[in-house]
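Colleague: Thanks for sitting down with me. Could you show me the model, and then we can go through it together?

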Amino acid sequence: MARTISTRRKVIVSAIAWLIGLTLFFPILWTFLTSFKTEGTAIAMPPRFLFFDWTLENYQTVQTRSNYFRHFSNSVITAVGSTIIGLIIAIPAAWAMAFSPTKRTKDVLLWMLSTKMLPAVGVLVPIYLIFRDLRLLDTHIGLIIVLTMINLPIIVWMLYTYFKEIPVDILEASRMDGASLRQEIIYVLTPMAIPGIASTMLLNIILAWNEAFWTLNLTTTRAAPLTAFIASYSSPEGLFWAKLSAASTLAIAPILIMGWFSQKQLVRGLTFGAVK
Amino acid sequence: MATQQTQTAARLMMSPAVLLLLAWMLIPLSMTLYFSFQRYNLLMPGMEYFTGLDNYRYFFANPNFWAALTNTLVLVGGVLAITLIGGTLLALLLDQPIFGQGIVRLLVIAPFFVMPTVSALVWKNMMMHPVNGLFSFIARVFGVQPLDWFGQVPMLSIILIVSWQWLPFATLIILTALQSLDEEQKEAAGMDGAGPLSLFFYIILPHLARAITVVMLIQTIFLLSIFAEIFVTTAGGPGVATTNLTFLIYIQSLLQFDVGLASAGGIVAVILANIVALFLLRIVGRNLDA
């Protein structure tokens with residue numbers, strides 16, 4: 001008896017969960033489907049769900065008319081570039097804080113976190129003026145600098161929580177065996193740290209890819225990443241849903257896949273270790 | 001000796017990150033502070049002069065400021081209410097045994113990875129369009145007059161879009177906390193005759209309190225600076241109905257070029273965010289000791 005009740009319960013709970021899951025996912029699915037419609041079918045009433053003439057025309061148009069690939073590569077260059085530079089700066093810092101902590105380590109960590117809480121709009125004017133004078137507006141380098149700096153605290157924090165989990169005993173053992181600091185880093189620490197570094201990298205690419213305050217305000221055409229490219233679809237009223245959908249699908253697909261792989265790290269990275 | 005050497009090395013290794021962040025914070029922030037006391041418009045170069053607190057006076061006297069402040073609070077409050085309540089319920093649901101749990105989880109968290117400009121435009125057009133949107137279709141199926149979302153309830157529309165983006169975040173973190181709850185504790189309470197409601201209010205909710213607080217504070221910090229969703233949908237309108245503080249300062253600086261006034265607004269935004277940040281830092285800091 002108890003078994004049948006719990007099975008029935010599981011079926012009901014599953015049905016509700018699937019319904020909610022599909023509802024929440026629906027706008028993404030709808031965008032995907034619409035990207036294969038003609039502009040006419042895209043706005044048809046009643047809406048066509050699966051039975052329409054599938055076409056790849058939108059994907060071609062998006063590339064030929066607005067040079068989609070350039071914006072895509074701008075996104076890749078700035079997101080990956082800022083992540084790599086951020087890691088280069090953050091790895092030594094996180095390593096030092098995790099393995100040679102001092103009384104002030106905690107304060108430094110919290111202070112770094114506090115810089116993340118500075119609202120972007122509070123420094124928009126000076127950054128804009130400095131970038132204008134240094135001719136960094138609408139350049140890859142300018143965007144990489146900003147993305148690196150706004151995500152640096154998160155990188156340091158995530159790496160710190162990962163490095164903290166590496167057992168110190170192993171380091172001591174290698175020191176006893178006469179390993180130098182350099183050897184310690186290369187042969188002992190790095191292999192153990194690589195999974196943490198990889199997930200930090202993944203999460204940070206996602207954050208940089210989707211950043212939509214600085215990318216919209218500091219770029220116009222040459223360095224404009226996908227966030228800004230999609231925003232350009234906001235102005236004209238009219239028949240552009242299918243093209244918007246095609247551009248959107250291409251813009252979110254790579255990050256959605258990466259995100260699904262990094263969902264565990266997401267919790268750690270975005271709560272600064274406060275929830276595990 | 002060895003420790004002192006390590007200490008020096010450690011300091012050297014930390015210094016690039018610390019110095020860069022220090023520069024990133026101090027230089028622009030002190031410039032903002034300086035500009036906020038200047039009469040400074042980019043359209044009138046060379047005409048800058050010190051005006052004391054005038055910019056702050058103008059900023060606070062501007063009726064749009066109070067509208068923007070109210071809008072900011074409504075936006076943050078609305079999204080928090082939806083995502084915290086919805087996220088807790090959804091986490092409780094996903095914590096049950098479910099067929100295909102992993103896939104449901106993927107479906108639920110997916111919206112978080114959609115870039116803000118995409119989600120705002122997809123919702124504005126394909127979901128909420130008064131004639132061809134899916135919502136208007138559903139309304140007509142049920143014989144209800146379709147709603148002109150961005151015309152009639154612009155702020156609610158933005159709240160819904162932003163909630164859709166942040167519900168996965170709240171759900172995921174509350175679910176993580178839920179899974180660390182001791183099963184035995186739940187069973188013990190069940191044996192003592194606790195019903196599902198008292199189980200929730202006396203065992204589960206207190207256990208989740210910290211996770212919920214963390215979600216609330218982190219979301220507040222991000223939600224205070226909502227920009228892209230407004231930028232691509234309403235541009236702050238109609239009138240100032242969806243202008244939040246971030247958008248107001250953006251208009252003053254990059255559209256009206258009033259550096260002084262925008263800087264005063266920027267300082268106000270920094271102070272507001274700091275109040276929230278103080279609470280968050282205290283919680284995170286407490287966790288560092290443990």
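Modeller: Let's begin where helix α13 (residues 263-271) of chain A meets helix α8 (residues 154-179) of chain B: their axes come within 10 Å and cross at roughly 95 degrees. This is a predicted model, in which local features need pLDDT of at least 70, side-chain atom pairs count only at pLDDT 80 or more, and totals for chains, interfaces and linings use all residues. Residues are numbered from 1 along each chain as its sequence is written, and chains are lettered from A and ligands numbered from 1 in the order in which they are written.

Colleague: Is α13(A) roughly parallel or roughly perpendicular to α8(B)?

Modeller: Axes are lines fitted to C-alpha atoms, for helices over the stretch in contact, and angles run from 0 to 180 degrees between N-to-C directions. Helices are DSSP runs (H or I, at least four residues), numbered from the N terminus. Angles under 35 degrees count as roughly parallel, over 145 as roughly antiparallel, 65 to 115 as roughly perpendicular and the rest as oblique. The angle here therefore makes α13(A) and α8(B) roughly perpendicular.

Colleague: How many nonpolar, polar and charged residues are in the contact of α13(A) with α8(B)?

Modeller: From α13(A) come Gln263(A), Leu266(A), Val267(A) and Thr271(A), which meet Leu172(B), Ile173(B) and Thr176(B) of α8(B). Contact requires C-beta atoms, placed from the backbone, within 7 Å. Ala, Val, Leu, Ile, Met, Phe, Trp, Tyr, Cys and Pro count as nonpolar, Asp, Glu, Lys and Arg as charged, and the others, Gly among them, as polar. The division is 4 nonpolar, 3 polar and no charged.

Colleague: Which helix gives the largest share of the side of chain B that touches chain A?

Modeller: Across the whole interface, 82 residues of chain B are in contact with 84 residues of chain A. By class, the chain B side has 67 nonpolar, 15 polar and no charged residues. The largest share, 18 residues, comes from residues 2-35 of chain B, helix α1.

Colleague: Within chain A, what is the handedness of the crossing of α9(A) and α12(A)?

Modeller: Helix α9 (residues 181-210) and helix α12 (residues 241-261) of chain A pack at about 145 degrees, with axes 10 Å apart. Residues that meet there include Trp209(A) from α9(A) and Phe261(A) from α12(A). A crossing is left-handed if the near helix is turned anticlockwise from the far one by less than a right angle, and right-handed if clockwise. This crossing is left-handed.

Colleague: Why is Phe36(A) classed as buried?

Modeller: Phe36(A) sits in the loop between α1 (2-34) and α2 (39-42) of chain A. Leaving aside neighbours within four places in sequence, Phe36(A) contacts Trp54(A) and Thr55(A). A residue is buried if 20 or more other C-beta atoms lie within 10 Å of its own, exposed if 12 or fewer, and partly exposed in between, with C-beta atoms placed from the backbone. Phe36(A) is buried because the number of other C-beta atoms within 10 Å is 20.

Colleague: How far apart are the end C-alpha atoms of residues 155-178 of chain B?

Modeller: An unreviewed UniProt entry lists several transmembrane regions in chain B, among them residues 155-178. Its positions follow the numbering used here, feature names are shortened, and annotations may be inferred rather than shown by experiment. The span is 100% helix and 0% strand, and its end C-alpha atoms lie apart by 32 Å.

Definitions and conventions
Helix = DSSP H or I, 4+ residues; strand = E, 2+ residues; numbered from the N terminus. Contact = placed C-beta atoms within 7 Å.
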